[in-house]
Amino acid sequence: MKEILYGAAYYDEYMPYDRLKKDIAMMLKAGINVVRIAESTWSTYEKEPGKFDFSSVIRVIEAMKEAGIKVIIGTPTYAVPSWLISLDPTVMVERKGSGRAIYGMRQSMDITNKTYLHYAERIIRELMKVSANYDNVIGFQIDNETKAYGTSSKNVQVGFVQYLKKQFHNDIEAMNKAFGFDYWSNRVDSWENFPNVNGTINGSLGAEFEKYQRLLVDDFLQWQADIVSEYARDDQFITQNFDFEWRGYSYGVQPEVNHFKASKAITIAGCDIYHPAQDKLTGLEIAFCGDSTRQLKKTNYLVLETQAQGFSNMMPYRNQLILNAYSHLASGANAVMYWHWHSIHNSAESYWRGLLAHDFAENKTYQEAVVVGNELKRLSSKLVNLKKTNQVALLISNEALTALKWFPIDIKSDFSSTLSYNDIVRAYYRALYSLNIECDIVSVDSDDWQNYEVLVVPSLYVAPDDVYERLSYYVESGGKLLMSFKSAVADEYVTISHEGTPHKLQEVLGLSYNQFASPTGQTLSTSYFENGGVVEGFLEFLQPTTAQILAEYEDSQWYDNVAITVNHFGKGKAVYVGCHVDEKSLMKIIEKIFEDQFNYDLSKYQFPIIVKKGKNDFGKLVTYLLNYSDHTQQVVAEQSGLDLRNGRQILEGQLLSIASWDVIILEEN
Amino acid sequence: MKEILYGAAYYDEYMPYDRLKKDIAMMLKAGINVVRIAESTWSTYEKEPGKFDFSSVIRVIEAMKEAGIKVIIGTPTYAVPSWLISLDPTVMVERKGSGRAIYGMRQSMDITNKTYLHYAERIIRELMKVSANYDNVIGFQIDNETKAYGTSSKNVQVGFVQYLKKQFHNDIEAMNKAFGFDYWSNRVDSWENFPNVNGTINGSLGAEFEKYQRLLVDDFLQWQADIVSEYARDDQFITQNFDFEWRGYSYGVQPEVNHFKASKAITIAGCDIYHPAQDKLTGLEIAFCGDSTRQLKKTNYLVLETQAQGFSNMMPYRNQLILNAYSHLASGANAVMYWHWHSIHNSAESYWRGLLAHDFAENKTYQEAVVVGNELKRLSSKLVNLKKTNQVALLISNEALTALKWFPIDIKSDFSSTLSYNDIVRAYYRALYSLNIECDIVSVDSDDWQNYEVLVVPSLYVAPDDVYERLSYYVESGGKLLMSFKSAVADEYVTISHEGTPHKLQEVLGLSYNQFASPTGQTLSTSYFENGGVVEGFLEFLQPTTAQILAEYEDSQWYDNVAITVNHFGKGKAVYVGCHVDEKSLMKIIEKIFEDQFNYDLSKYQFPIIVKKGKNDFGKLVTYLLNYSDHTQQVVAEQSGLDLRNGRQILEGQLLSIASWDVIILEEN
Amino acid sequence: MKEILYGAAYYDEYMPYDRLKKDIAMMLKAGINVVRIAESTWSTYEKEPGKFDFSSVIRVIEAMKEAGIKVIIGTPTYAVPSWLISLDPTVMVERKGSGRAIYGMRQSMDITNKTYLHYAERIIRELMKVSANYDNVIGFQIDNETKAYGTSSKNVQVGFVQYLKKQFHNDIEAMNKAFGFDYWSNRVDSWENFPNVNGTINGSLGAEFEKYQRLLVDDFLQWQADIVSEYARDDQFITQNFDFEWRGYSYGVQPEVNHFKASKAITIAGCDIYHPAQDKLTGLEIAFCGDSTRQLKKTNYLVLETQAQGFSNMMPYRNQLILNAYSHLASGANAVMYWHWHSIHNSAESYWRGLLAHDFAENKTYQEAVVVGNELKRLSSKLVNLKKTNQVALLISNEALTALKWFPIDIKSDFSSTLSYNDIVRAYYRALYSLNIECDIVSVDSDDWQNYEVLVVPSLYVAPDDVYERLSYYVESGGKLLMSFKSAVADEYVTISHEGTPHKLQEVLGLSYNQFASPTGQTLSTSYFENGGVVEGFLEFLQPTTAQILAEYEDSQWYDNVAITVNHFGKGKAVYVGCHVDEKSLMKIIEKIFEDQFNYDLSKYQFPIIVKKGKNDFGKLVTYLLNYSDHTQQVVAEQSGLDLRNGRQILEGQLLSIASWDVIILEEN
């Protein structure tokens with residue numbers, strides 16, 4: 001990419017009156033150079049089946065072209081016209097628990113439904129025909145935040161049984177065995193009589209079905225990409241807007257899509273990210289999104305959606321919009337695009353506000369965007385294509401996430417509360433982030449994580465044996481492994497190892513365990529770590545063989561009490577954390593382990609000062625110093641260089657003041 | 001009306017044995033002069049289709065007649081016989097989310113169903129034939145607590161599409177535009193293919209459908225009233241038992257019925273009211289009910305149901321039954337009727353206790369009723385037909401309530417909690433009530449609110465433009481307007497203004513705003529109000545043009561901070577409160593505004609002393625001094641007069657002691 | 001029985017590899033002498049309809065036989081094969097609210113379905129044929145934790161109407177009257193048109209239907225027992241695994257089964273019990289289970305399932321497994337069997353851990369079982385068949401439980417929280433347990449509770465008149481009655497008495513009441529009890545006639561305030577507690593009443609020291625001293641005897657130290 005893209009989603013179709021010229025003028029003032037259009041409004045382009053009208057698309061492309069603004073075209077397939085349901089009601093998704101959805105909500109169709117696919121293909125082709133040839137159309141987004149939406153329509157269940165049949169080489173007995181169907185009389189006697197999967201209580205089957213649903217997403221995106229590719233020029237990219245687990249904001253690993261697999265269909269990674277703001281703005285989600293999305297195509301990525309004003313609890317404080325934009329770039333984003341340009345005047349998301357409010361007037365948030373946009377125009381060549389070479393990888397797994405959903409870690413005695421996979425992943429990521437240990441978030445399926453100096457592996461509950469073997473080989477060859485409780489428990493079909501846990505890793509870790517409990521107020525007793533911390537939610541009773549003990553459980557009335565260990569294995573080292581501890585203590589533990597066990601060169605700064613680095617197209621080191629607090633902070637420059645935002649020269653050792661919610665960007669001389 | 005009605009609902013049909021004589025004796029002892037009967041027991045009167053037996057009705061009317069007790073007849077249509085469902089299962093209501101209801105619960109039929117209407121009409125006519133001619137039958141209640149019960153049966157949806165077609169003059173494009181159906185591909189291509197409205201995520205459509213459901217209630221009541229009118233004498237009234245939003249007690253504006261429109265069908269307003277009791281008894285709900293119901297027919301009203309012993313958490317303290325009864329009269333009620341005479345021995349509401357417990361014996365609550373009833377017998381002519389001429393109106397809107405349900409004001413960052421329309425209405429009403437500012441609760445549709453000196457307008461989120469124009473004219477002509485945040489945002493189809501907010505009122509209020517946020521601990525910084533108060537849940541960033549600033553947000557990290565303003569406009573004044581504050585502070589703010597800005601003559605007393613006034617049939621001012629606390633309170637008589645309850649003369653300036661939970665009623669000399 | 005059975009459920013069918021020999025060796029080491037098999041795995045024995053394969057059953061029986069281990073065979077009917085649903089989808093249960101269940105979960109069939117019964121009978125007969133003849137098969141468990149599973153399939157509703165018809169001698173008017181169907185127009189005009197019972201809001205009908213569902217369980221178990229009896233030898237027992245209300249552990253009376261009636265089908269009582277552990281281990285649930293199950297066949301019983309490692313919050317502390325095992329024996333159990341031998345590697349209950357973890361290795365819990373098992377081998381003849389002769393009975397009623405579910409005791413003003421029947425039963429049982437007042441838990445239907453010296457009757461809300469009359473006669477004849485609030489309110493059809501409450505017991509108790517309330521912070525004012533305690537949730541206003549007042553409500557703003565009374569009646573005494581108080585105060589109240597009013601000889605010890613006694617087969621008194629705390633406790637031996645576990649002689653008056661979570665067992669000399 002040649003420049004940083006700065007822009008917003010733009011919906012001419014939602015405008016209460018013709019705003020195009022006015023909007024473009026405001027965009028130009030704000031340095032906006034790209035818009036994303038069309039991904040939501042199928043029924044506007046095809047008001048009746050087969051009657052196409054792309055006038056709003058064309059007029060926007062042409063007006064943008066005239067203004068020198070680029071356009072990304074989204075295929076409008078994630079929200080279907082009501083006439084499609086009149087034609088074929090089975091287009092609506094059937095879900096576990098709730099039956100067939102009623103028309104209204106977007107993303108509520110069965111993505112495998114033949115009628116849907118037929119009409120979706122037609123609208124995609126028609127849209128491509130009218131839009132692909134424009135110079136300023138730089139790429140295509142296929143669908144949007146695609147998932148299987150829980151589809152378990154009849155055809156999906158038929159497909160799943162075919163998938164299982166293939167998986168088990170037509171051997172139904174093998175499947176019964178692998179899934180443990182003897183339990184509670186759940187055996188399946190024939191592929192034809194496979195019971196409705198929505199009723200299952202079998203975690204192995206349930207998890208396998210969710211994996212299958214994720215595969216449907218891969219297939220669907222590939223199918224769209226193939227169609228789009230027929231029309232796209234070589235200089236036009238194909239992307240998808242990947243999103244994350246949603247808890248009112250982007251929380252962690254997406255349960256319903258394996259981003260790493262699904263991204264095979266695309267040529268450049270895209271994502272959306274929404275995060276806590278105001279006092280709760282930490283940059284954590286932005287960084288998590290970047291560290292993960294950057295790995296999909298192993299290069300820079302596009303932030304296709306992020307919040308401008310957002311909900312009322314996201315209304316940015318003074319300077320936060322600026323801080324957010326640079327945070328994305330610091331993580332390797334080549335595009336920062338808001339959802340969306342203008343706040344919508346009715347329907348459902350009217351209070352998910354865009355850069356402009358409902359009155360379209362300038363406002364303080366827009367005015368900060370003007371600052372960002374004009375700075376980017378000036379600095380684009382220095383900031384674009386930031387390359388990182390991180391020594392640390394955080395290993396994640398969709399399968400572990402799903403398995404721990406089926407076999408939750410209960411942390412209250414009334415089972416009212418559980419510790420989820422993403423809770424644990426976030427806890428480990430947060431510690432790294434707060435310590436300014438930059439990392440890549442890598443899929444367990446990836447074939448390159450063995451190249452990292454340090455691997456952090458939170459609760460890798462399930463994996464095929466070869467993953468465990470690769471982890472073993474990794475340490476043996478000199479790797480440094482930090483692994484948490486609830487790792488290496490089960491095989492790929494979520495069958496718990498009968499050979500002991502951690503499965504296949506007992507030698508590497510120098511321990512085993514076969515008992516565990518919910519803590520009853522234990523703290524860690526340790527001379528190694530300064531503060532032991534409070535054990536929260538879960539603890540394993542480690543039985544070291546060759547491992548050294550780093551921490552034990554205090555006040556234990558159980559027999560055993562080993563909590564954290566380190567083991568030398570081959571040329572490497574493996575630390576195992578056998579319990580969940582409070583946030584602050586986990587940070588202290590990881591700090592000590594990285595420093596003392598892993599000889600990792602820690603940053604002098606910790607959150608709220610976040611330091612992010614990379615090399616730009618000129619081969620120069622660019623350092624972002626981000627202040628995630630409402631106070632001015634002092635930092636010492638680690639090398640001489642140019643303060644890009646205000647053009648002053650900085651000397652090594654110089655004391656720099658970073659205002660609240662502000663950022664300094666240094667380029668080495 | 002010539003006297004205060006004091007009574008109870010009476011169900012001879014539920015009696016375990018023949019109690020009629022005994023009950024009447026107890027009623028007479030308690031000064032009871034009216035009973036309401038028949039509204040719940042269709043299946044007793046028509047045990048099989050077409051076989052009528054009104055013996056229990058007739059015997060009660062006749063026995064009451066002999067005892068000199070009046071009777072209100074309720075049409076028994078709100079609970080249908082099981083045989084009606086055997087005849088036609090489609091009588092049961094179909095609701096969003098839950099499909100067709102199963103028989104059992106009352107108020108679960110489709111009020112538009114033809115079978116239901118046919119049989120309902122027949123039972124009404126038969127009942128009228130046997131009951132209307134009795135002298136002591138003073139009026140009829142049509143149905144009970146009528147609503148549409150969420151009906152979205154097929155016929156209702158067909159009717160709704162017809163309604164829309166008419167509304168939009170058959171122009172489907174106009175509807176698509178008005179509702180913003182381009183959003184998420186929701187366009188409707190033909191009236192025939194209108195999708196099931198239950199699936200919609202479009203707030204404009206959703207709110208319109210709920211308005212349509214409210215219209216069904218208006219139609220249904222008018223239909224019943226027309227039938228009843230064929231039989232009723234001129235001296236017999238027709239009423240309906242209107243109820244309020246229910247949160248375990250009567251909370252605020254009824255979401256499912258527009259009382260003001262529905263009351264066109266009736267000749268006298270009736271209502272029921274249930275409220276917190278014991279330590280939580282404040283009189284607020286009683287007053288809200290009165291200030292609202294009094295406006296329906298612009299005169300006195302009937303409290304057709306209120307609690308006697310109620311649930312166990314409503315069990316009145318010593319003297320509270322007396323206080324409650326007089327509170328109703330102080331608000332302008334001409335009837336206080338308990339639900340119900342006796343506690344029911346089985347089925348569903350056995351612990352919603354009546355005046356008598358299950359043993360029918362005298363009890364402490366009944367004994368207080370004896371006090372009330374006998375005092376009323378004595379004082380009836382002094383207390384009946386109390387006329388109020390309030391200077392202040394609180395403007396309410398069913399449409400605003402519904403719109404804010406579809407577009408909730410989120411006040412927690414996890415969206416787990418919202419500030420509802422009724423929360424806001426109650427907050428403003430509570431402040432007025434606590435300050436003893438008597439007000440009328442008036443519908444925004446009403447044509448007479450321009451006559452009030454002060455209008456209080458909480459969160460009038462939607463309205464047609466002419467309402468905003470009338471508000472503007474009101475201030476210009478000298479009116480005093482107190483308007484809260486989230487007012488004048490959207491048009492009648494819940495489309496947010498693109499011309500800026502407050503829509504059409506920027507000149508009147510001397511401000512605009514286009515940004516708002518969830519507060520993060522802000523307080524009000526103000527020299528005008530003594531204590532600023534804590535901003536809770538929501539804040540707007542006001543941009544004054546001609547308005548003066550009365551309060552700002554302290555500790556704001558946003559750019560703007562204007563919170564409360566006042567503006568002179570024409571001959572009037574308009575105060576705008578741009579945020580939600582805690583209860584105590586809101587009271588202080590309103591006190592100051594009324595006193596200082598509106599030159600309103602405030603009462604010397606505040607809650608827990610409540611002062612309510614009106615003129616009686618003799619043209620004399622009657623003042624109720626109500627003590628809503630468990631301590632004796634002292635008040636100074638504001639004028640000389642007669643203490644009606646104990647007959648002593650009071651001199652102006654005399655210090656009066658009001659016992660805990662007690663009331664003094666003064667009639668001016 | 002000749003010896004204590006010690007064992008576990010054993011599932012050869014779930015094994016990842018052939019473990020039988022290894023497992024038996026580990027069992028023998030642990031002194032295990034019994035396994036329960038087969039109750040869950042129908043689909044393994046009948047993989048396709050009619051093709052039977054009991055090889056896993058036979059090989060286990062034979063291997064156990066060789067090892068001298070006994071076997072209990074469970075009929076595998078509580079979890080059905082998926083092919084059965086393919087054959088007939090109506091086998092799946094239809095439930096109120098959720099319609100027909102989807103296949104997957106166990107215990108989700110309609111136990112009255114003809115297809116189910118046909119195939120269930122066939123598999124039972126085939127299993128009996130191959131297993132009943134083995135010497136070491138000592139008995140049969142019919143089904144498992146059987147309930148009606150909420151069945152309200154069409155055939156069940158037809159059956160229910162037949163049942164009602166019979167109940168009311170075909171007199172539909174009598175039924176309408178008994179159930180109060182006049183209320184809300186709920187009358188039923190013909191048996192044919194009986195509406196779907198799932199919709200009812202009538203508590204009388206609802207409770208009657210739940211009673212009918214419990215009768216279905218009785219019938220189903222009798223039907224199974226009859227089949228099994230055809231094959232069983234005289235020396236083989238028939239049992240059922242009864243369980244309790246489930247709130248994440250065994251909480252109290254089972255709502256869906258009347259254990260006392262259902263146990264007619266069996267020859268020896270069996271049960272399962274799961275309970276809080278770790279810091280929350282109190283022994284309460286174990287004792288409740290024992291005191292109740294011991295009454296089913298009026299002799300010793302089998303604990304067919306209890307926790308070994310259990311969920312992570314049940315992971316036993318050091319010595320707790322030993323304490324638990326002896327606690328069962330102290331209550332009269334003749335068998336302690338874990339669920340289950342090994343932790344399961346997949347499906348649904350993988351973290352409900354057995355004695356062995358997933359790795360099958362020895363672990364600390366297993367090692368404690370080795371201690372228990374070997375002690376039991378040695379002490380079996382001294383501990384088996386413990387006979388108790390308690391003076392106190394706690395009276396329970398399924399009907400009261402159900403009725404109070406339909407008419408809950410609301411204890412929060414927003415109705416968000418209720419006091420359930422089991423909450424109250426547990427509160428009274430906990431007080432007795434903590435005071436070491438051993439009791440029998442007896443059904444109100446039982447014909448022998450008049451023989452007890454003291455009857456404790458918590459909230460016997462409903463009963464037929466003859467029960468109330470028997471209670472009256474009991475006191476008159478010299479019995480001591482302790483009765484709580486909400487007793488004797490309604491008749492067997494849940495119709496509240498119109499003759500006053502407590503119904504039929506006003507003379508016995510020397511009081512009546514007809515008003516009650518939710519407390520608003522009242523405490524008890526009493527000179528009789530030392531500490532009055534806090535009134536929680538509910539209070540009645542007692543009107544003593546002949547009763548003496550023991551406690552009153554302080555700070556009451558109501559008229560009345562009598563809280564607790566005692567009355568002499570005939571030769572007996574009756575105490576009535578008119579309110580719910582906090583746990584500690586209730587214990588103090590009951591202590592005082594037992595000591596002072598009932599002249600009961602209280603133990604010197606209170607919780608956490610629990611003392612349990614009985615006579616063994618040698619006619620000697622055996623005393624268990626159980627320490628439910630994490631501290632060593634001192635107790636004084638009450639008589640000389642043998643410390644069975646360590647063989648030392650103990651002298652009367654000797655000070656004994658009981659280690660934390662440990663037990664001393666004394667046999668009198």
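## Helices α8 and α13 of chain A

The angle between α8(A) and helix α13 (residues 398-406) of chain A is about 140 degrees, and their axes are 9 Å apart. Axes here are lines fitted to C-alpha atoms, for helices over the stretch in contact, and angles run from 0 to 180 degrees between N-to-C directions. The crossing of α8(A) and α13(A) is right-handed; a crossing is right-handed if the near helix is turned clockwise from the far one by less than a right angle, and left-handed if anticlockwise. Helices (H or I, at least four residues) and strands (E, at least two) are DSSP runs, numbered from the N terminus.

On the α8(A) side, Gly203(A), Gly206(A), Ala207(A), Glu210(A), Lys211(A) and Arg214(A) meet Asn398(A), Glu399(A), Thr402(A), Ala403(A) and Trp406(A) of α13(A). Two residues are in contact if their C-beta atoms, placed from the backbone, lie within 7 Å. The contact of α8(A) with α13(A) has three nonpolar, four polar and four charged residues. In this scheme Ala, Val, Leu, Ile, Met, Phe, Trp, Tyr, Cys and Pro count as nonpolar, Asp, Glu, Lys and Arg as charged, and the others, Gly among them, as polar.

## Basis of the model

Residues are numbered from 1 along each chain as its sequence is written, and chains are lettered from A and ligands numbered from 1 in the order in which they are written. As the model is predicted, local features need pLDDT of at least 70 and side-chain atom pairs count only at pLDDT 80 or more, whereas totals for chains, interfaces and linings use all residues.

Helix α13 (residues 398-406) of chain B is largely enclosed by the rest of the structure, because eight of its nine residues are buried. A residue is buried if 20 or more other C-beta atoms lie within 10 Å of its own, exposed if 12 or fewer, and partly exposed in between. The buried residues of α13(B) are Asn398(B), Glu399(B), Ala400(B), Leu401(B), Thr402(B), Ala403(B), Leu404(B) and Trp406(B). They pack against α8 (203-229), β17 (409-410) and α14 (421-434) of chain B.

α14(B) also packs with helix α17 (residues 583-597) of chain B: their axes come within 9 Å and cross at roughly 60 degrees. α14(B) is therefore oblique to α17(B), and the crossing is right-handed. Ala427(B), Arg430(B), Ala431(B), Leu432(B) and Ser434(B) in α14(B) meet Glu583(B), Leu586(B), Met587(B) and Ile590(B) in α17(B). By class, this contact has six nonpolar, one polar and two charged residues.

## Arrangement of the chains

Copies are superposed by least squares on the C-alpha atoms of residues with pLDDT of at least 70 in both. Chain B is superposed on chain C by a rotation of 120 degrees with 0.1 Å of shift along its axis, again with an RMSD of 0.1 Å.

## Interfaces with chain C

Chain A places 44 residues in contact with 49 residues of chain C. α8 (203-229) and β23 (516-517) of chain A are the elements that give two or more residues to this side. The side of chain A that touches chain C has 15 nonpolar, 22 polar and seven charged residues.

Chain B has 49 residues in contact with 44 residues of chain C. α2 (42-45), β3 (46-48) and α4 (82-87) of chain B each supply at least two residues of the side that touches chain C, and the largest share, four residues, comes from α4(B). This side of chain B has 22 nonpolar, 18 polar and nine charged residues.

## Backbone features in loops

The peptide bond from Trp339(B) to His340(B) is cis, with omega near 10 degrees. His340(B) is found in the loop between β15 (333-339) and α12 (364-383) of chain B. In chain C, a cis peptide bond joins Trp339(C) and His340(C), with omega about 5 degrees.

Asp143(C), although not a glycine, has a positive phi of about 55 degrees. Asp143(C) lies in the loop between β8 (137-141) and α6 (154-167) of chain C and counts as buried, with 24 C-beta neighbours inside 10 Å. Phe360(C), also not a glycine, has a positive phi of about 65 degrees. Phe360(C) is in the loop between β15 and α12 of chain C and counts as buried, with 23 C-beta neighbours inside 10 Å.

Methods
Angles under 35 degrees count as roughly parallel, over 145 as roughly antiparallel, 65 to 115 as roughly perpendicular and the rest as oblique.
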